[in-house]
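Please look over the fold below before reading on. The questions after it move from the whole chain to single residues.

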Amino acid sequence: MEDVCEGKDFSFPKQEERILQFWDSIQAFKTQLERTAHLPEYVFYDGPPFATGLPHYGHILAGTIKDVVTRYQSLNGHHVTRRFGWDCHGLPVEYEIDKKFGIKNRDDVLAMGIDRYNEECRSIVTTYVKEWEEVVTRTGRWIDFRNDYKTMDHNFMEGLVYRGFKVMPYSTGCKTPLSNFETGLNYKNVADPAIMVSFPIVGDPDNTALVAWTTTPWTLPSNLALCVNSNFQYVKVRDKNTGAAYIVAESRLSELPSKKAKADGLVDSMEKLAISKSQCKDTMVGNALHAKYSGSYEFLEKLSGSSLVGIRYKPIFDYFLEFSDVAFRVVADNYVTDDSGTGVVHCAPAFGEDDYRVCIAAGIIQKGEDLIVAVDSDGRFTEKISDFKGTYVKDADKDIINALKAKNRLLNLGNITHSYPFCWRSDTPLIYRAVPSWFVAVEKIKDQLLECNKQTYWVPDYVKEKRFHNWLENARDWAVSRSRFWGTPLPIWISEDGLEKVVIDSIKKLENLSGVKVTDLHRHHIDHITIPSKRGPEFGVLHRVDDVFDCWFESGSMPYAYIHYPFENIELFETNFPGHFVAEGIDQTRGWFYTLMVLSTALFGKPAFRNLICSGLVLAKDGKKMSKSLKNYPSPMEVINDYGADALRLYLINSPVVRAESLNFKQEGVYAVVKDVFLPWYNAYRFLVQNTKRLEAEWSAPFIPMNHAVLLKSSNVLDQWINSAAESLVCFVRHEMDAYRLYTVVPYLLKFIDNLTNIYVRFNRKRLKGRTGEEDCRMSLSTLYHVLLTTCIAMAPFTPFFSETLFQNLRKASSGLEESIHYCGFPSSSGRRDERIERSVTRMMTVIDLARNIRERNNKPLKTPLREMVVVHPDIEFLEDITVKLREYVLEELNVKSIVPCNDPLKYTSLRAEPDYSVLGVRLGKAMGIVAKEVKAMTQADILAFESFGEAVFSGHCLRFNEVKVLREFQRPANVTKLEMDAGGDGDVLVILDLRADESLFEAGIAREVVNRIQKLRKKAGLEPTDVVEVFYESLDNGKNALESILKSQVQLTFLMKSQEQLSFYGKQLNVFMNVFCLQEQYIRGALTFRLLPHTMISGSAVRNIYMAFHFIGYCHVVSSLIGFCIWRNSDAKHLQYQL
């Protein structure tokens, strides 16, 4: 393996660029596809984005999730075709052209020419394709851009529908209806007029009027019915001031004004109605006082809602008198509520979805028949509404209100502030308008949709079970046509009398029926094509309908269209459908996920996909939507150039956004990944490389990793642990990746890397540096090599660049490895795990953390040796492990002289039990209080019995071990103060430290500190581990030679008889240990691998490089000594020397 630089000099972004060049040189992605071509197919569907804008963090997040899963499946024995796709049609493209040419309405497009307009659209659909490819490639995603698919390609466009009217959100700015998904993209709080209008009942002796409330006065000219709720109670009352009689819902009587609104002049602008949001948020405000039941109005009669059905009333305007036989009467429906208004709703079926439905149900209009829509595509009244023709509907509100005043039909005038949808492109207010459309009859297949949804697997599952299920359950017929120009034309040809219809399902069929050669399926290439009537020449020809498909229909057709099914690839599609995997953001539950499900269910009776990962939204740091204009987020390429794509990938994947929650993007979070994950990982790898070089230099033999089977037989406990932990890692990653739970995989991987660096490497430094002999050094280095290799392959789908970087150097030490890490197979699980040792090491780290906390709490730094540590735990196996196998690591890490095991939980502690309210609260409900009282009353014996049996019954409820918290509280021995002994626990293990001073430990502390300071000098001098050095010391303490005395003092060293590997300071010994006494100097030499020599032995040709001075302070006694550390370099520059 080649030498590597220090972490501080390693540039992750630059290294990633070198890896990109390497992949390009070996055609890595293409080669991987070729090498796996014979393997089972794993079908992945990539949702097509628009190429009219640059990629943002949401795209990078979705792309990373897709890349992680598909890379894993490739390593796991599958062939995964990955083709990038582009959504080329639809409103986003047309909107850009409209802005470019100042197009305001449909007539402008026709004047320009559909052919020129569409070609302009075609010219911009790939505007940012190059930028997309650069960003996507730079993030490490492997996907085919050369063989991409475009929804405008004629192979893609070649492909339960009915024609009718549907009231839909309609953009007057873009002159097209919008989907419900698009409607939800841009809501704003606006103030609208809120008026009460009277509708006199025909033939009523009291001249009674029904009172309706509306916030859309512009819809009143098209009124055809009034709707009540048959379950409500209504009242007829008389105004004591005017004598007028009105009918309203009883619960809404208080909303009637106390007297007729003053005729204080006509309304000349809607600004006169505007009031502040704080005054009228979701509340109707008028100038009149609210009515009192027994004040302004006289009660006449109570009526049921059902009794009002069928009553006829006088229309306000006479524009629709031709409907008088069936219209202008009261109908009933439960959509009428009593939380606002009057309990009476006016219905204009052309401008309200519920209005349209209710009027069809009442027979006022007929489904499928032509409906008079008195507002044109620009949102202006047609000639049908003669008094207001040509006026934009929102501008007409004031004129209509004035007309109501003139007709004496305006009962009250106020306004309301509410949330209202605006067009996400033109930013104009939407209106609801009936449009002639072609529909997929979704309501007919609703049960099938719900059943197909059950066959899919979602992560997280609540999005499927709640959000998506509810959306399907309330699904309405889907309007798939758009009255636009740039899109896939509806392949429907209709005769002039509407009696003959032909649906074209292929280019070949169109050519055969029309006799015209077809090379492009866009409107300007096929609108002129006619089909002769089958009924004969006298019936003329069939013309194509004007509309194009909703672009969501195209993206929903992607699983079939991108491989040109059913015209090609029939076996490929039918063998692998439904696809294995899709992934997009949570906003696609009403978008792409929905259209995929609807079309696949309608066509095949199956879901389009089997597995789905739904991600959340990536927001700016402040929780707001990322905005170019606000500049509230850093550009993705800026972050990648600073920290690397792997860091960005890992930051996104290891966040709540993978659980369909929101992420507030923070650039410092990406830096934290570099600091906390990649640098420790890199340092462990660098430590391996450095020490293989040391081994090769010291023993003059190349490092060749031992066979894995040999490594599994190692007698070293940490070798056994890390091998078992690596096996657990492989098992866990396989299990969770197969379940698509990326959010559990990444934390586990990161914890493993942390354990590798902070436990295995840290505690094994002596072995890895060769201080326990060549054979043991090769064993430990081979173990570290194998584990790093396994880690790199396991992490390769997540961090493709860094894993490749390490792999390319690691493969030089071992023959037979693949050319790229991404050609490797994912590690297989051998099943050889030692759960006991894994559990014991985990507890060991808990013991170490608890002991460190005790030291910190009592101001006892680690350099201060302590006499004794007691570990209290009921598990005999754990106590045996920590006092035998793991003993030396604990003692050295914590700088204590001995460990005393204790399995009697009552010797140092008292036990107390508490119920786990978070677990039991929901299950027990009202019984929680009684059960909690009994649990807290448990005696010590009760608690021990509970721990032994694992469950107990309280007030008839069986509680298990994980539902009760057993708390161990430290009880200090008699005559011992807190300053002399302290403890810490986590509810599982208790650690007790003897903090009393011990003069016998003083020299050991100084020796440990000497080692620590010399190591710091080596690092400061920039020395490599393989550099040959000598250390010299000079005592500067006025002739007392304190350091020399310490070097000659005895230290008690302990050898473990079974392995005789490591040395540490121990106190009380178990029978399996033997004690050896030696000089502190020997301990220092063992730790540093070289002796301390008197300064008088320094060569006269040595040159001083560094001088440092330290005070040794903080032990049982303060040592009044000043020790100078100097580094000298011989004139031949072959050896470095330290002076101490």
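What follows is a set of questions and answers on a predicted model. Local features in this predicted model need pLDDT of at least 70 and side-chain atom pairs count only at pLDDT 80 or more, while totals for chains, interfaces and linings use all residues. Residues are numbered from 1 along each chain as its sequence is written, and side-chain values use heavy atoms, with hydrogens and water left out.

Q: What percentage of the residues of the chain count as buried?
A: The chain has 39 helices and 42 strands, where helices (H or I, at least four residues) and strands (E, at least two) are DSSP runs numbered from the N terminus. Buried means under 20% relative accessible area, exposed over 50%, and partly exposed in between, with a 1.4 Å probe and protein chains only. Of the 1140 residues, the buried share is 55%.

Q: Which aromatic cluster includes Trp681?
A: In α24, Phe678, Trp681, Tyr682 and Tyr685 are among the residues that meet α30, where Phe802 is one of the partners; contact means heavy atoms within 4.5 Å. Rings of Phe, Tyr and Trp (its six-membered ring) pair if their centres lie within 6.5 Å, and planes under 30 degrees apart count as stacked, over 60 as edge-to-face and the rest as tilted. The cluster is formed by Phe10, Phe12, Phe678, Trp681, Tyr682, Tyr685 and Phe802.

Q: How are helix α34 and helix α35 oriented to each other?
A: The axes of α34 (residues 917-924) and α35 (residues 928-936) come within 10 Å and cross at roughly 140°. Because of that angle, the orientation of α34 to α35 is oblique.

Q: What kind of aromatic pair do Tyr313 and Phe328 form?
A: Tyr313 counts as buried at 2% relative accessibility, and Phe328 is buried with a relative accessible area of 4%. Their ring centres are 6.2 Å apart and their planes stand at 80°, so the pair is edge-to-face.

Q: Which elements do the buried residues of helix α4 pack against?
A: In α4 (residues 91-101), the buried residues include Leu91, Val93, Tyr95 and Ile97. The helix is followed by Gly102, whose phi is positive, near 65°. The buried residues of α4 pack against α6 (114-124) and β4 (176-177).

Q: Is Ala660 buried or exposed?
A: Ala660 lies in the loop between α23 (645-653) and β27 (663-664), and its phi is near 65°, a positive value in a residue other than glycine. Most residues other than glycine have a negative phi, and most peptide bonds are trans. With 10% relative accessibility, Ala660 counts as buried.

Q: What is omega of the cis peptide bond from Val459 to Pro460?
A: Pro460 is found in the loop between β16 (457-459) and α15 (461-473). The peptide bond from Val459 to Pro460 is cis, with omega near -5°.

Notes:
Axes are lines fitted to C-alpha atoms, for helices over the stretch in contact, and angles run from 0 to 180 degrees between N-to-C directions. Angles under 35 degrees count as roughly parallel, over 145 as roughly antiparallel, 65 to 115 as roughly perpendicular and the rest as oblique.
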